[in-house]
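The sequence and model are shown first.

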Amino acid sequence: MILQGIRVIEWSAGQVGPVACAMLGDLGAEVIKVEEPGKGDPVRLGTHWHGMNLQLPSGHIPAFEHHNRNKLGITLDLRQEKGRQVMYRLVEKADVFLTNYRPKAVAALGLDHQTLKGLNPRLVYITSTVFGHNGPDRNMRGLDLTAMARSGMMMSAGEPGMPPIMAPVGIADQMTAVTLAYGALAALLARERLGVAQEVKGSMLGAMVALQGGFTITNYLMGGKEIPRYGRRHSANPTYNWYQCQDGKWLVLGHYAGRKYWFTLCEALGEQELAHDPRFADFTSRTQNAQELITILDSVFAQRPRHEWEARLRHYPDIFWSRINDVPDLVDDPQVVENDYVIDYDHPTLGPTKFVGFPLKFAETPAQLHRPAPEMGQHTDEVLSRVCSISPEEIEALRQEGVV
């Protein structure tokens, strides 16, 4: 695997840091997750969401399993000097150290970049904050929702005039995790090619600004144009819209301009007369008469169930269209299944189950799910013995003192 031989020390919680490190683990890195004895990552306790019990009968939390796959798990009380000394011994043998705790808290425990760099000059040191490492709010705490709010996304999604809307849960966390993993890989490459080990700083706000950069933000920066909220179904472009079929399921059409594809679309829908209707003769007229055309297309799509429309539209490869999946549809979608975006996994406790797969395919060094999320402290003895050369007697003494 690509990162075989790379050791990552993860001292983080929630979703941002854990998911970033899980992604490195997918590529073969040895990831050692450090948790506080008796407490652990709060996601272990995330049993409920909006009144829904998410805990499996075994006691496992699906989100924790996803965020912490491919890791070894140990416990260390970093508030104790002996705990910090064990962490230092781990860092000395590591390639990457990653945390998403606040810089003030990190420094207070002696785990800041300067301290760890002194122990291991080849260490890639990665930190993530909510709102960035500089500025008046650099030490503010926050979660996925607060980053979405500050980034402007809650006022970009949805319809004009409606209150701010929350994007899918975890999008800011996940996007930040991707940027951190990307930063780790780039920094490891720089270390190997240039001989430079460095600190990499990321933030949830920065990741969310970057996510919107290609359209929403850049159009304002360069052209002074604030893109209106356009989450509503009835848009000014009927060929960039979504329609409900006879069986209640939905299809989307995805043509921005709609000029080139209009006649082909009419043929595919069996509505050739629309192509010659003067109200819809060109893109301008279709925009001016958008609501009339949308009403017509609503009635057209309502005449057949979605699977019939899908079969018909497949004969027209130039038309941009897709089914609109809900989650049950998604996990059974042939494109998801046949590309291994959802995979089978034999969990040592849960037994045969399914798991989210990998978005990238490496021809020679594939990503793998080779280890489930650890039970809290599951690998403490193994890691301290193998990595830090601490004897069983010393480990037991540390356990008696509450250090591990």
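Which residue just after α1 takes a positive phi? Glycine 28 does, with a phi of about 105 degrees. The model that holds this residue is predicted, and the values below are computed from it.

## Overall architecture

The chain has 404 residues, of which 44% count as buried. Its secondary structure consists of 19 helices and 13 strands. Along the principal axes, the C-alpha trace spans about 85 × 50 × 45 Å.

The chain exposes about 21100 Å², and carbon and sulfur atoms supply 56% of that area. Of the contacts between residues at least 6 apart in sequence, 67% join residues at least 24 apart.

## Helix α1

Helix α1 covers residues 16-26 and is mostly covered, with ten of its eleven residues buried. The buried residues are Val16, Gly17, Pro18, Val19, Ala20, Cys21, Ala22, Leu24, Gly25 and Asp26. Glycine 28, with its positive phi, comes just after this helix.

Strand β1 (residues 7-11) is joined to β6 by four bridges, and the two run parallel. Within this pairing, glutamate 10 has leucine 98 of β6 as its bridge partner. β6 also pairs with strand β7 (residues 124-129), in the parallel sense and over four bridges. Valine 96 is partnered with valine 124 of β7, and threonine 99 with threonine 127 of β7. β7 in turn is joined to strand β8 (residues 199-203) by five bridges, again with the strands running parallel. Threonine 127 stands opposite lysine 201 in β8.

Both faces of β6 and of β7 are covered. From β6 (residues 96-99), Val96 and Leu98 point one way, while Phe97 and Thr99 point the other way, and all are buried. In β7, six of six residues are buried. Val124, Ile126 and Ser128 point to one side of β7, and Tyr125, Thr127 and Thr129 to the other.

## The antiparallel sheet

Three further strands form an open sheet in the order β9-β10-β11, with antiparallel pairing. β9 (240-244) and β11 (321-323) stand at the edges with a single partner strand each, so one side of each is left without a neighbour in the sheet. From one strand to the next, the twist averages 20 degrees.

β9 and strand β10 (residues 250-254) are joined by five bridges and run antiparallel. Asparagine 241 has leucine 253 in β10 as its bridge partner. Helix α14 (residues 290-301) packs on the sheet, where it touches β9 and β10. The direction of α14 makes about 40 degrees with that of β9.

## Leucine 78

Is leucine 78, in the loop between β5 and α3, buried or exposed? With a relative accessible area of 5%, leucine 78 falls under the 20% cut-off and therefore counts as buried. The loop that holds leucine 78 lies between β5 (71-75) and α3 (81-92).

Leaving aside residues up to four places away in sequence, leucine 78 touches Trp11, Gly83, Arg84, Met87, Leu109 and Leu111. Histidine 276 is 198 residues from leucine 78 along the chain, and the C-alpha atoms of the two are separated by 74 Å.

## A nonpolar surface patch

Which residues make the nonpolar surface patch of about 560 Å²? Trp49, Met52, Leu54, Leu145, Met166 and Val169 make it.

One of these residues, leucine 54, is placed in the loop between β4 (52-53) and α2 (62-67). Its relative accessibility is 34%, which lies between the cut-offs of 20% and 50%, so leucine 54 counts as partly exposed.

Technical notes. Residues numbered from 1 in each chain as written. Predicted model: local features only at pLDDT ≥ 70, side-chain atom pairs only at ≥ 80, totals over all residues. Heavy atoms only, no water. Pairing = 2+ DSSP bridges. Axes fitted to C-alpha atoms, helices over the stretch in contact; angles between N-to-C directions. Contact = heavy atoms within 4.5 Å. Patch = residues over 30% accessible without salt bridge, like charges linked within 9 Å, V, L, I, M, F, W, Y side chains within 5 Å. Areas by Shrake-Rupley, 256 points an atom, 1.4 Å probe, with all protein chains shown as cover. Salt bridge = Lys/Arg side-chain N within 4 Å of Asp/Glu carboxyl O. Buried < 20%, exposed > 50% of the residue type's maximum accessible area, 1.4 Å probe, protein only.
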